[in-house]
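Hi everyone, thanks for making time for this one. I'd like to walk you through how a few pieces of this fold pack together, so let's bring it up on the screen.

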Amino acid sequence: MEPITVLVHGALGKMGREITAAISRAPDLEVIGGVDIKATQNHLTLPGTSKKVPLSPELSSLLDTCHPQVLVDFTIAEASIAAARTAMSRGINIVIGTSGLSQDNLDEIHHLAKTNQVGAVVAPNFALGSVVLLHLAKIAAKFFDYAEIIELHHHEKADAPSGTALATAREMLKARGKPFVYPLTKKETLSGTRGGQVDGVAIHSVRLLGYMASQEVIFGAPGQTLILRHDTINRECYMPGVILAIKEVVKREGLVYGLDTLLNLR
Ligand SMILES: NC(=O)c1ccc[n+]([C@@H]2O[C@H](COP(=O)([O-])OP(=O)(O)OC[C@H]3O[C@@H](n4cnc5c(N)ncnc54)[C@H](O)[C@@H]3O)[C@@H](O)[C@H]2O)c1
């Protein structure tokens, strides 16, 4: 079978480089080009090989010369939605991992994918373990009345709590259909020690040099606790999810949001 051809948008970024290397190792996928606004050379040497592919700061002309089957985008939100329009209008499938797309952006991507009869996968988290954790947390939420979330990230993370922690709490509440029980503390001697709270789920944010991204969900019931924990050690954790999305997107039409659908976890 011919390999699926891929062009990486954001090829010189941290995720773009990791993805280019992962695709280069995959026998059934092939990187045929890269685009990055920072590009100063006209070629990219694929990691672990001497093979060179075209590199450009400009997407549309490279799409027209390379004709990839899939555009993988890990850039910034504005560049991502513009790339989605450019690629899908040319009949090219897209896989997007870039953060910060709005609901309007997602609606537009769905519309463009349907109109142009291509597939689009947009996933806020390509780490399989994190997606499985959320699935398990939704199951556990039905059986435990108490739950708290501790999310642990590197010291430079700008926001707290993490979007993933908030989404986890909200999905747990949706699955359960009612708030968790929040034990009130009579006296909080240090303000903020009990964390933030979403309908009974306390959320605690750790910001520490050494962590990348971790999340722990602790469920409580009389005489027992259940702990679900996921640790991101490095960016390799995203690669199986990105590769799965590339292989699936070419078989689909319209938007698939979230890796859970591709893993049949819905
Ligand atoms: N979905 C997930 O699982 C997941 C995982 C990790 C990161 N991300 C997201 O992926 C995105 C990229 O992350 P990163 O760590 O690789 O960031 P990065 O800053 O290292 O890389 C982004 C790259 O995009 C390029 N870029 C920016 N604007 C561009 C444009 N207009 N045209 C072409 N290229 C452009 C930059 O030059 C840079 O090389 C972020 O939004 C991040 O939050 C998502």
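Before we look at any packing, one definition: I'll say two residues are in contact if their C-beta atoms, placed from the backbone, lie within 7 Å. And please keep in mind that this is a predicted model.

Let's begin with a pair of helices. In α3, Ile81, Ala84, Arg85 and Met88 meet Asn105, Ile109, Leu112 and Ala113 of α4. By type, the residues of this contact are 6 nonpolar, 1 polar and 1 charged. Helix α3 covers residues 77-88 and helix α4 residues 103-115; they pack at an angle of about 5 degrees, and their axes are 10 Å apart. Angles under 35 degrees count as roughly parallel, so α3 and α4 are roughly parallel to each other.

Now for the sheet. In what order do its 5 strands come? Reading across, we have β9-β10-β8-β11-β12, an open sheet with mixed pairing. On average, neighbouring strands are turned by 20 degrees against each other, direction ignored.

Within that sheet, look at β8 (residues 146-153) and β11 (residues 213-221): they run antiparallel and are joined by 8 bridges. His153, for instance, has Ala213 in β11 as its bridge partner.

Two helices pack on this sheet too. Helix α5, residues 128-140, touches β11 and β12, and its direction makes about 160 degrees with that of β12. Helix α6, residues 163-176, touches β8, β9, β10 (201-207) and β11, with its direction at about 165 degrees to that of β8.

Notes: Residues are numbered from 1 along each chain as its sequence is written. This is a predicted model: local features need pLDDT of at least 70, side-chain atom pairs count only at pLDDT 80 or more; totals for chains, interfaces and linings use all residues. Two strands pair if DSSP finds at least two bridges between them. Helices (H or I, at least four residues) and strands (E, at least two) are DSSP runs, numbered from the N terminus. Axes are lines fitted to C-alpha atoms, for helices over the stretch in contact, and angles run from 0 to 180 degrees between N-to-C directions. Angles under 35 degrees count as roughly parallel, over 145 as roughly antiparallel, 65 to 115 as roughly perpendicular and the rest as oblique. Ala, Val, Leu, Ile, Met, Phe, Trp, Tyr, Cys and Pro count as nonpolar, Asp, Glu, Lys and Arg as charged, and the others, Gly among them, as polar.
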